[in-house]
Amino acid sequence: MRTDLLMSVQGLSVSFWEEKRRLQALKDVSFDIPKSKTVCLVGESGCGKSVTARTLLGITGANSTIDEGTIHYSDPKGTLVDIVGLKPDSKVLRRLRGNDATMIFQEPMTALSSFYTIGNQIVEALRQHERVTKNQARARAIEVLEAVGMPDPQAQMESYTFELSGGQRQRAMIAMALMTNPRLLIADEPTTALDVTTQAVILDLMRTIQKKFEMSILFITHDLGVVSEIADEVVVMYLGEVVESGPVEQIFSKPRHPYTRALISAAPHYAGNQESRLPVIPGIVPSLLERPTGCAFSTRCQHNKSELCNIDRPPINLGSTNVRCFLGRAGVPEEFKKEGVTTASDEGEKTESLANVALQVESVSRQFVKRTGLIRRKEKTIRAVTEVSLEIKEGETLGLVGESGCGKTTLGQTIAGSIDPSDGKIRLAIEGQMREISNLSEQERRNAWQHIRFVFQDPFASLNPRMTVFEIVSESLRNGPSRIEDRRLRQQRVYEVLERVGLDPAQSDRYPHAFSGGQRQRIGIARALAPKPKIVIADEPVSALDVSVQAQILNLFQDLQRDLGLTYLFVSHDLNVVSNISDRVAVMYAGRIVEIAPTDEIYSSPRHPYTAALLSAVLTPEYTPNKSRREPLQGHPPNPANLPPGCSFAPRCSFASSNCQQNSPTLECDDEGRLVACHRKNELTLSGITRVSGNAVA
Amino acid sequence: MMITVFVITVVSFFIIILPPGDFVDRIVLEANQYGEVFEEHEIADLRRMYGLDQSALEQYLIWMGNILFRGDFGYSFGWDVPVSELISQRLGLTTTLSVVTLMFIWIVAIPIGIYSAVRKYSLGDYAATFVGFVGLAVPNFLLALVLLYISFRYFGQSVGGLFSPEYINAPWSFDKFLDLLSHLWIPTIVLGTAGTAEVIRKIRANLLDELHRPYVLTARAKGLTELNLVIKYPVRHSLNPFVSDLNDLFVKIISGETIVAVVLGLQTTGPLLLQALKEEDLYLASSLIMFLSFLAVLGTLFSDLCLMLLDPRIRRQAREGEMM
Amino acid sequence: MSFAADNANYGTLIWRRFRRHRLGFLGFLFTIFIYLVAAFTEFLAPHSQSTYKARDVYAPPQSIRFFVKDRSRQETFRLHVLGYRSKVDYDSGKRTFVEDPRKIIQLGFWVRGDKYELWGLFDYDRHLFGPIKKSDRVYFFGADRLGRDVLSRTIHATRVSMTIGLVGVALSLILGIMIGGISGFFGGFIDLGIQRMIEILQSIPSIPLWIGLAAAIPPTAPPIQTYFLITIILSIIGWTGLARVVRGRFMALKNEDFIKAARLDGNRPLRIIFKYMLPNFLSHIIAVVTLAIPGMIIAETSLSFLGIGLRQPVVSWGVLLQEAQNLKSISTAPWLFLPGFAVVLAVLSLNFLGDGLRDAGDPYEN
């Protein structure tokens, strides 16, 4: 093993046993972890990233076996140890685990126990491996908490997980992993559950501590944006195999494997072109029980040469990156020409100024009153949405972005009429007239609901498991004003709409459980479209889906809009997704809209400090050396039950003046006619992001 | 809390008084069997004597008033002595037996439950599961009967009662206490089996869930030994739902005690209550039901306190005054 | 994740999972068996519940024999039991029974015996199994203090014991759904009040409460009235648990996305409840109900055992076990315990069935 390596994995195969069936989770996996470098394991869900990481520490669980391979680890004295040969509870492995190599996880809320103070859990990490007194360990813990930027570390030692914000929890988790001065930190999707601004802070932190502690990081993620931000080396996994590995700049500039190329192309990003389609990878990652013979990716590869790829497993081709692919023999082109987004059609020239208003939201607020106490006398008012006004034109897509808890989902549901606003009006254009659709009787509401439809986030929870797809889609045609009496006509409509969203009507007698996540989301869309609505509200419709499937669904939304002239309100936390589909974007913070403008204007020249902060935290799937480091946004959003006086963003805003602390700004036009809710809108110069070009620079 | 106590006093009293028939009816009925016949006015006199001629509400208010202001729980018609005299010792024994049984259940069931979950599908787990099923399906009194039979048949002695005959009426002494302990184990086992079975099942199921939580993986990745991490994390987490069900368990023990005491001939509240009910002994029966319910409420209070000690979340809620 | 590409509907999925739950399926088969017994007691029991023979007081169980030796010592197959010769020891007053090899009581299927009226509809006198000669008596489970056949009485008791659980649970369920529904529907203070009431009711020990109520049933009440009064008494506490479950499920489902979607599809509330919510928590409710039946059976048995539940001439397992209440009778006739086994078996199978149903209830859970 090379001396600059900390760990070297060779030919590792791991299986799980489930109900007497063997599932091969890893097949012949090889990669190296160099000292003091960050290696990213990247791939879609079910590709064996987490299993790989857990195998390194011997914590895969009792129902797994290592079938083959070696994991060589160069211990501090320089001797080589093969982890595969060690028992999971052997002394050597336990010394490695938690001392030399530590791990952090995706969701610190559940990965930390809520029954012990974080101090207790952090101290334990050290005392497990070193003979130190409680006080020494405590002192060290406070020191490390300080190092990871925990505010008031002394006091936070005594707090419990549920008393911390998401970012603070992840900091505590990282501190715990740093207690023993590890040589390797394994991070399993550590930023996936976090908001973008928090993600930026944590990534920043990880880079800093890596330098400070001189350790290696094995970073697991599905997000290519994160990879481009943090990786030195990249290992791309597919169906439990390593399909490509190499230095990060090579992976992004000259990817060689069709899967890597497809992943890079399919990731949504700001391209300055909203009438666009993303290149997609057809199908989904097959289940482990249906592993293709030959090349693992053969079933979805556009270069698949069946007589070759379906029969033999491709060898590893060394080069600028190492790829497991037949490459030239299968006709994979040498050069990677990034498939940029393509303009779907050229008749899409919109005459926005002439288009009619489809939906009008006028000063809508929504509060929830939470009663607590023994006889519920105490009241807490949670201001989920405050004085929101906006308009959407016919055929337009308005993207609604904001971090979790900002009220975007509540606003979406209020507009859809599933909850009533506490204040304000919502009007919908019905037959050329603006009609109010809020605060209606249940009967009138049902009439409005044929025009305004909703697509849910969770493709599993939003479909009744007891109804067939046909029944689910036909529900709105059986009831209410869009009722189709004639059964044959109704069936015809259901089949029509199923075909429209890319599902086979012949499968409409099946139950939802027979479909994959992406297909289920198509069912959800079909249900929304059945009564021929004018406007569709989509609440995070792609955030539960894998990258490749995400692109398929986003394209579907685009196609449907073009063909049916639909109007969308597209709610999402993901600025990359929103940029890809929206004509205009509204940014929400603490229940208010802080800025609203056409997509290009928002992304290239934001006017609100919060928008700028959000944009600076957006990661793009593109490697650029020496990224100009931006200042990540610190702190966390205010509690909607206890909003600060004045501008809600003021406590986190680096531009805040005393006026901002006291008076709440309203959404008004600035000098250039842009709508911004900021007292200093005309004074500030803020920078946005540049569009990612269609063709990557070599 | 106060509401609960108040409702309990109402329920305890009206359950006895509302159904048709009272103590005087019993006397008359009994007398009839011996050929005596009471005149109408004699019956009325009797009613007046026992205070049964007033309306149910009046009787309740009088009873409550006496309890609140004079600590007087009324008079037992059947025994001709004040209720408090009759029940004080028996209530003590019932409490002791219930608490001892609860302890027994914990000591036996928690380790077995943990073992069963950690060594899932081992021989020990199957054995525990079997015991669990038996405890679940065999009614208390049947178990008591079987034990009675076995001890009689194979050891030639009766295991009933809480004291040997020579101590029953003796004043309290250390010897009497030891004698009590030596008799306590049979009723404890009989009463505790169902609870033990239930707790084993519950702990096992909870722990099996908890063993797959992410924090277990975290602890494992820290290098903790399996035993240490299981005890520190998942066991602690799985105790939570168990403790919040504690009052339920305690209520069931008190409830079961009534019937087991009858079968085993224990000098606790059970047989007294049964007899009082059959005789329509108003104040005795009401007071007994009331006290047993209070005991159960104390159990609830205790379990809430335990939960507060155990769960920092609830502790915080309590501090913020969300509980009471 | 694997995608079963088949058309199985939800019910089929539950059934498949249930079939794989071995104990649950066993419990299911056995529960069916017990209820079949309850339906055909008169036909299945060799004798009626009340016929007795004074000479057979406390006769021990007889075992079935298969071969008879004739005079030439040739063995022939013939189902039979041996009758008893009884001796009375006049000093102790005890009667001892000795098998008499000459008294061969032949057994057969589909034999004539005590007359009965099946379900109050048909007069009949055939029994599945019993002595061929109508006047003979057999005691597979022994005889009781009046010389009645314990097996026949145990079989007869099945009907009362098993149905009292069903009726009690049905009553609890009606109360539970109504009160739980009111609680969930109106919410606010009504909900709060009902929830508190349930908490208080659950904090009162049930057996003292039950016996308090049961003691009020006049001993002279006709059996059918006692039967229903007992079920009502059992339901007084039984409904609280079910009401909580119903309300909890209702509340949880109300926030599910697919319920919200149903509303947005223009469905009226009643249709949402019956087409969406009910089917989705039905399996859970069925499981909970199944698990509540054994509690009712044990409660009835306990009350009857104490002598304040059902009374003679009604027979339930509890009434039969009352015979075994004192040490004297169980030491002379330990077979009086045997109805207890029926209780244990019934309770176990219902518990297994309920567990199986509950585990199978959610096909998405792995």
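Predicted model: local features only at pLDDT ≥ 70, side-chain atom pairs only at ≥ 80, totals over all residues.
Which residue of chain B forms a salt bridge with Asp355(C)? The partner is Arg201(B), with the closest N and O atoms 3.1 Å apart; a salt bridge is a side-chain nitrogen of Lys or Arg within 4 Å of a carboxyl oxygen of Asp or Glu. The rule finds one salt bridge across the interface of chain B and chain C.

Residues are numbered from 1 along each chain as its sequence is written, chains are lettered from A in the order in which they are written, and side-chain values use heavy atoms, without hydrogens and water. Chain B has an average pLDDT of 82, and 95% of the residues score at least 70.

Contact (heavy atoms within 4.5 Å) joins 38 residues of chain B to 38 residues of chain C. The two chains bury about 3,400 Å² between them, 80% of it on carbon and sulfur atoms; buried area is the accessible area (1.4 Å probe) lost on putting two parts together, summed over both. Of the area that chain B buries against chain C, 15% comes from Phe141(B), Leu145(B) and Tyr149(B), more than from any other three residues.

By class, the side of chain B that touches chain C has 30 nonpolar residues (Ala, Val, Leu, Ile, Met, Phe, Trp, Tyr, Cys and Pro), five polar and three charged (Asp, Glu, Lys and Arg), the others, Gly among them, counting as polar.

Technical notes: pLDDT = per-residue confidence, 0-100.
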